[in-house]
Amino acid sequence: MQNDNHFDVLIVVTAQDCQRLLGMYERLVNNFSYGKICFIGNEAVRDVAFSNEKIRDHITWVNENDVIAFNDVHQVISKRLESVLGGKELPRGITGWYYQQFLKMQYAFMCKDEYYMVWDGDTVPCRPINMFSNETGQPYIDLKHEFHPEYFETLGKILPGFKKVIERSFISEHMLMKCDIMKSLIADIEKNEGLEGEKFWEKIINAIEPDKIFDSSFSEFETYGTYVALRYPSVYKLRDWHSFRMGAMFFDLNTICDRDFEWLSKDFDAISFEKGQEVREDHKNFFDNPEYQEKLSAKKMLQLAQMEFNDGYKEIWQDDILAMQSGNVNTGDFAQTNDRDKRVVIVISDDFDKKDLDECRGSVESVLNADSYTIIYAAKDDSLTYGARINKAIKELAGQGYDSCDILLLDSSTRLAFDTLYFLRSALYSENNIGAVGCVSNIAGNKQAIDVHYDTEKEYMDFGMRNNIPMERPCIERVSLSSYAMLVKRSVWNEVNGLDEKYSSREAIDEAFALKLLEKGYRSMLVRNSFIYNTRLQAEDSDTKAQIEKLSEEKGFDVEAAKHVNLSFIQEIDKDTDGRLMILCYGCGIGADIKALKYLYFQSEIVGIEPDSKMADIAKKTENILPGIEEVIDFYGEGSFDVVLVEKKTEDEAVMAMLASLLNENGVMIG
């Protein structure tokens, strides 16, 4: 393979790990044609690496202390942890985790090429490494699936305003670094006067709370990848990368052979052999069995094996939908679902129709285990609003063992289908900041109805069984949901004090609840693979319009208009939905259009400006909202956007000119 680009691949490694993988580095030499392998470590690493005659002519070595002195980093971390260590010596391994990442960043100032690639020392390529697109010539930045919230907490401190911008992860056991971008990243970190220290690595260490340093709370991959996505979005091309990270659990380093690598190469770019892992007895003669290899692909075999994994890292493909929804989230509510109460309190709104009530309860009993829920009824009471009835029923359950259970609101007209609740719950705990999730149905308000028509209840329930299955990207974020079938996290319910009781209109109550969630920074999701059958639409209250107007007056903006998506504008965007775009919404309201755009253009970054301060205050709790055009120009620069949506007309020519200046050469302004 011939390449015009020249750069070396860096392996930052200890002598012990270098020795363990020494026999495998020949495969890296044979599959990497851009330059040499540069080992960064102490003198012992040099001695081990050059002891392998097969790779000796293809490697170089750099003393780690010539890049950054280990003892300097060790002293800063020790000082940061004084209150935690209590006079004890800091283990060198804690420093080592951060130190090896700082070395990979600092190397940009030593590199003589345009790029350098970092490569995990325990990872072996399964096929030739290509790091540039044949179509565009852009370098690749590779993606996998995992999420560590701590990485982004640190990122937001060292680079204020930065946060996770794409669903997938930049952690892929390797990364092609562009020297000038890495230097710019380091310079921006060092400009942060709010953090103690002069060097970038000092500021990173001091950005992490002492009790979180032991939790490995920084990632150079996520930091660099996010920085590129926000500051240099057109430089790289995104690509899915599949590496067999748990390789040591299924293959022995001493016996894996050419046949195994040829088989693996059909599905995997690389395989890793992490320290401390070994082939379990029940895994022997499985992945390396030639008979199995003839019958099953490596991907399929790993997917079958992962079905037995209760925790730990899992390899995920785009067509592996259930794993994508829950895979490799290492902290937060979703990862701790084993510790929370999985039961649910089902609150059925009782409108004195006994047949409806019995059939609703019967549908629950037919699809849920008896010990997984309790049913309570919000009986119709003309002296109480709908919100007051629901709140009263839940409060009366206090102290009976269900105080931590999530709340499922159901109208008596609904019929729970198979796995309706399962996929609602999966969606509710897919992200920490999701507060409520809702179903789709054959009959529903708030644009939650789907186009499905049958003659009998059985046909609708059968449809529910077919619909309620793993689905790619099943959640559509909404500004508000209808409470006819809505699941709410109990902690969120308590935080916002349940439903609003002062409005008599059901729709006004739903909108008021939705706004309370948004004001607290919680998202609401419509779950496409959670269908519930509805026998009838609840009659609209006669004073709904007046109640919505009352709510609008209280909030200071038109609530009804703010919740709707401007589809006519969005449909004018003539761009590939799979590509990465920079989109600006001027006059984004409380974020309805941004949420729709984030679903349609899920690889893209959506930025909002809202001149109305009341709506802007709500939108910025869940979306990337900047105060004005000047701030957008300062942060992103002119010529940074592919699309500018002008959702609120302005006669100010200066404003329009500033918006136009944000467009790149092929950018379009709509509105």
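Author: Some ground rules before you ask. "Buried" means under 20% relative accessible area, "exposed" means over 50%, and "partly exposed" is in between, using a 1.4 Å probe on protein chains only. The model is predicted, so local features need pLDDT of at least 70 and side-chain atom pairs count only at pLDDT 80 or more, while totals for chains, interfaces and linings use all residues. Residues are numbered from 1 along each chain as its sequence is written, and side-chain values use heavy atoms, with hydrogens and water left out.

Reader: Let's start with rings. How many aromatic pairs does a search of the whole structure find?

Author: Rings of Phe, Tyr and Trp (its six-membered ring) pair if their centres lie within 6.5 Å. Planes under 30 degrees apart count as stacked, over 60 as edge-to-face, and the rest as tilted. Searching the whole structure with that rule, the number of aromatic pairs is 34.

Reader: What kind of pair do Tyr-115 and Phe-132 make?

Author: Their ring centres are 5.5 Å apart. The planes meet at 80°, so the pair is edge-to-face.

Reader: How many residues apart are Tyr-115 and Phe-132?

Author: Helices (H or I, at least four residues) and strands (E, at least two) are DSSP runs numbered from the N terminus. Tyr-115 is in strand E4 (residues 115-119), while Phe-132 is in the loop between strand E5 (123-125) and strand E6 (140-143). So the pair links distant parts of the chain, and the separation in residues is 17.

Reader: Which relative accessible area does Phe-287 have?

Author: Phe-286 is partly exposed, at 24%. Both residues belong to one aromatic cluster, along with Phe-244, Phe-250, Phe-251, Trp-263, Phe-268 and Tyr-292. Phe-287 is buried, and its relative accessible area is 0%.

Reader: On to domains. What separates the centres of domain 1 and domain 2?

Author: Bounds come from an automatic or database domain assignment. That gives domain 1 (9-241), domain 2 (244-327), domain 3 (339-556) and domain 4 (567-669). Taken over C-alpha atoms, the centres of domain 1 and domain 2 are separated by 25 Å.

Reader: How many residues does the contact take from domain 2?

Author: Contact means heavy atoms within 4.5 Å. Domain 1 puts in 20 residues, and from domain 2 the count is 24.

Reader: Which three residues supply 33% of the area that domain 1 buries against domain 2?

Author: Buried area is the accessible area (1.4 Å probe) that two parts lose on being put together, summed over both. Domain 1 and domain 2 bury about 2100 Å² between them, 47% of it on carbon and sulfur atoms. More of domain 1's part comes from this trio than from any other three residues: Cys-126, Arg-127 and His-145.

Reader: How many salt bridges are there across the interface of domain 1 and domain 2?

Author: A salt bridge is a side-chain nitrogen of Lys or Arg within 4 Å of a carboxyl oxygen of Asp or Glu. By this rule the count comes to 40. Across the interface of these two domains, the number is four.

Reader: Glu-173 and Arg-245 pair up as well; how many residues apart are they in sequence?

Author: The closest N and O atoms of their salt bridge are 2.7 Å apart. Glu-173 lies in the loop between helix H8 (149-158) and strand E7 (174-178), and Arg-245 in the loop between strand E9 (243-244) and helix H13 (258-264), so the pair ties together parts whose separation in residues is 72.

Reader: What is the relative accessible area of Arg-245?

Author: Glu-173 is buried, at 3%. Arg-245 is buried as well, at 11%.
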